[in-house]
Amino acid sequence: MLTNTTINNTTTTTTSSNNNTTIDDDDDMILSNDVDTTSSSSDYQIKVQQIIKLPVNIEQIKSRFSHSSACYNNKIYIFGGAIDRGIYDNELYCYDIDLQKWYTIEAKGKKPLKRIFHTMVLDSNRDKLLIYGGRKEGGTKLNDFFEFDLIEEMWTKIDLNMNNNITSLNNSNDNNNNILSALPKPTDGHSAVFCEDMNTMVVFGGHDGSNYIDSFTMYHTISKTWSKIIPENHDTITGRAYHTSQYSSKHKCLIISGGKIQGNVSTNQTFAYSFKTKRWTKLDMNYNDLNNNSSDNSDNTSNMDTLNNNFLKKTVPKVLCPCSVMISSDRMVIFGGEDSQQKCSDELWSFDFQTLKWSQIILSNLNTNMEMTSIPKLSRLSMVFNNRNSSLYLFGGYNEGKRVNDFYQIKFETPPQIASIPIIRNIKTNTPFIEIERKEDFDNYYFDLILKCKKKLYGVHKCIILQCNYLKDLIENNNSNITNNINTIELPFDNHVDKLLEFLYGMEPSFTNIDEELNDLLNLSKLIQFQPLINWSLNKLQELNIINLDNKKIDNSHPAEYLQKYLANRRREIKENKIITDFKITIPNNDNIFYCDKTLLITRSDYFKSMLTHGFKEEHVNEVLMDQIDSIKQMDLILDHIYGIEISENTDLSIHDLMLLLMSSNFYCMRYLYHAVLRVLISNVNEENALDILINTSHVSNTTTIEKKLQNICLNSIRKKDLAEKLIEIASTASLLQSENQNLEMKLEELKKENELLKRQQ
């Protein structure tokens, strides 16, 4: 089946039947997606903390396989799938991880057809799900294309008409032929990934009804055009379907694994495509990592230690059609699928994009005191990874001839998913550093400082690079060199400036020859006396066994953690008036001036990004009135957010404060603050305040989640109130009846006495 990703989005496909050209309706594979992937080093050991079987009501979502899934904003979305033989589904379901509740989304717009073997990827840059192709009821292949707006909850069909895709090519006959070949054919069993760094969805392979194809195309979400990818060695990989694929934006690398190829032959081949070199590489998986990494003196104890660490390296996975998902920018994991005898698997594997090696993650006999359950052998299920709780979620699938709607959570003991830190993601998207290569870069990107090397210019942001004291001194001693009206600093060194900037912007530096370049980077960090980079380089060299630190304790923080701490400290110094920044903010009915770095205002708010980069007067006067803010407390909370100090559920804020903050974050397009406040509101809703919150947030967009909870609470409250009134009425009636009964008993006693008196008189 297929699988697609999210954050570093992915698609997976699966196969079964050895006798048929394609897969039968009940022999599908599934597609899985992830959300938001992150940046983390590849050297950590993946450990499973807990496996939990989560409750699912068959009335909420039916058993299915060959469906697709995606994770977004702590919610899991499920689309399509086979719910009976030859019967498919086209509802969009949502599981809210915060509320632990399933519901069907009542979406606007026309829904896609019911289907299987399709792909669904998360466009995390635009908050949309992209659904492409598949097989509809009756077996017809599809190449229709839909997007689902996760904010507006609306379906939109994307027109694949050739005329709408001609903008990026000229009008020669050859180019028109290229356009036709760039548009994907009707197919199922293809894979799709979303490349967050390129704003593209990449589609590979599939089955067109006759052949396994090697179609390799790219959809550009900004220009809404298709283009064909032509590798320099395109003959290296043959057409295939029902495979799995994943993309790492950090490594600019696409991995294709498994599936079926021409002749209806199942394969476990793994290929890597580099978007840098534009070449395919077939990966040789015929090795045993455990043996290769063990010394001659290794014994059973060391092997047991490896097993107890829940990280046993072996040869390439034997399963052919698993579902897969990215759990970091260096790691993908795959689960389940079928082998060449169509037997399902319950194995969990990890692929390392840095070492290009597979490793099995052992799920049985785990050394833990926590609750643990086993996961059955499954194929054609869906799987997503949620960064917030470092958990895989597995839903549905096919087991021993039966569809299931089992729902499992696999919680990892992993380092924090650094790139999921909201401010780091915002910087990466809105204010990255760039290498200035053309005049248009000055118009297309915002930066307020230029670093000039011998051969290169870099557009950077002053408030971010000030964390390095060496660069801070250069800025303060600058002789006002100007390039295109932007201050320019000349650097006395030229090598590895890009790696230094990657570190300053919260990313792990990338290397071509890591051993040599890492030593050079360490020397540079010592030259400029930048201790965080010295620490990071030393730790990396030790991890690669190049040096031995003799158990010396050195800060092992991720670059993103250094940046996060620096910005939080900068916010405190600004608040204490120790720093004056380049931008002022005022609020109504208050004489206070609030200082903020313009770069971070652009980084954290799409509202201010538009205002301050498109020629409005505020861009030139460097001052703005935020007229939706009515208190110093509210302004401080927003400024804390701008500098990466996020609101938490234990924040001491009233419901009234939270509602005001929700509305202002919505108005100023601060997405992460909005969702953070929404989570706090949800956790504080009760029967006493639910109706008031519902009324006061009814005009705020994107409040579907809280509205559902508020409505349920209000209805339950009303039901309880009605029940209470009925109970009071019943109690009142019972009391009245009891009183009347007592009166009757008294009258009966009186009659008895009168009767006794009459008898005596007679």
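Modeller: Before we start, a residue counts as buried here when its relative accessible area is under 20%. Please also keep in mind that this is a predicted model.

Biologist: Let's look at strand S16. How many of its five residues are buried?

Modeller: Take the two faces in turn. On one side Thr-200, Val-202 and Phe-204 are buried, and on the other Met-201 and Val-203 are buried too, so both faces are covered. S16, residues 200-204, is therefore largely enclosed by the rest of the structure, and the number of its residues that are buried is five.

Biologist: Which residue of S16 is the bridge partner of Ser-191?

Modeller: Happy to trace that one. Strand S15, residues 191-195, runs antiparallel to S16, and five bridges join them. Ser-191 has as its bridge partner in S16 Phe-204.

Biologist: And which residue in the turn between S15 and S16 has a positive phi?

Modeller: S15 and S16 form a hairpin, with four residues between the strands. In that turn, a positive phi of about 55° belongs to Asn-199.

Biologist: Now the helices. Are H9 and H10 roughly parallel or roughly antiparallel to each other?

Modeller: The axes of helix H9 (residues 514-527) and helix H10 (residues 531-543) come within 9 Å and cross at roughly 155°. Angles over 145 degrees count as roughly antiparallel. H9 and H10 are therefore roughly antiparallel.

Biologist: How many residues of the contact of H9 with H10 are nonpolar?

Modeller: H9 contributes Leu-518, Asn-519, Leu-521, Leu-522, Ser-525 and Lys-526, while H10 contributes Leu-533, Ile-534, Trp-536, Ser-537, Leu-538, Lys-540 and Leu-541. Three residues of this contact are polar and two are charged, and the number that are nonpolar is eight.

Biologist: Last stop, the sheet S41-S40-S42. Which strands stand at its edges?

Modeller: This is an open sheet of three strands with mixed pairing. Two of them have a single partner strand each, so one side of each is left without a neighbour in the sheet. These edge strands are S41 (594-596) and S42 (623-625).

Biologist: Which helix packs on that sheet?

Modeller: Strand S40, residues 583-586, pairs with S41 in the antiparallel sense over three bridges, with Ile-585 opposite Phe-594. The helix, residues 632-642, touches S40 and S41, and its direction makes about 10° with that of S41. This helix is H15.

Notes
Residues are numbered from 1 along each chain as its sequence is written. This is a predicted model: local features need pLDDT of at least 70, side-chain atom pairs count only at pLDDT 80 or more; totals for chains, interfaces and linings use all residues. Side-chain values use heavy atoms; hydrogens and water are left out. Buried means under 20% relative accessible area, exposed over 50%, partly exposed in between (1.4 Å probe, protein chains only). Helices (H or I, at least four residues) and strands (E, at least two) are DSSP runs, numbered from the N terminus. Two strands pair if DSSP finds at least two bridges between them. Axes are lines fitted to C-alpha atoms, for helices over the stretch in contact, and angles run from 0 to 180 degrees between N-to-C directions. Angles under 35 degrees count as roughly parallel, over 145 as roughly antiparallel, 65 to 115 as roughly perpendicular and the rest as oblique. Contact means heavy atoms within 4.5 Å. Ala, Val, Leu, Ile, Met, Phe, Trp, Tyr, Cys and Pro count as nonpolar, Asp, Glu, Lys and Arg as charged, and the others, Gly among them, as polar.
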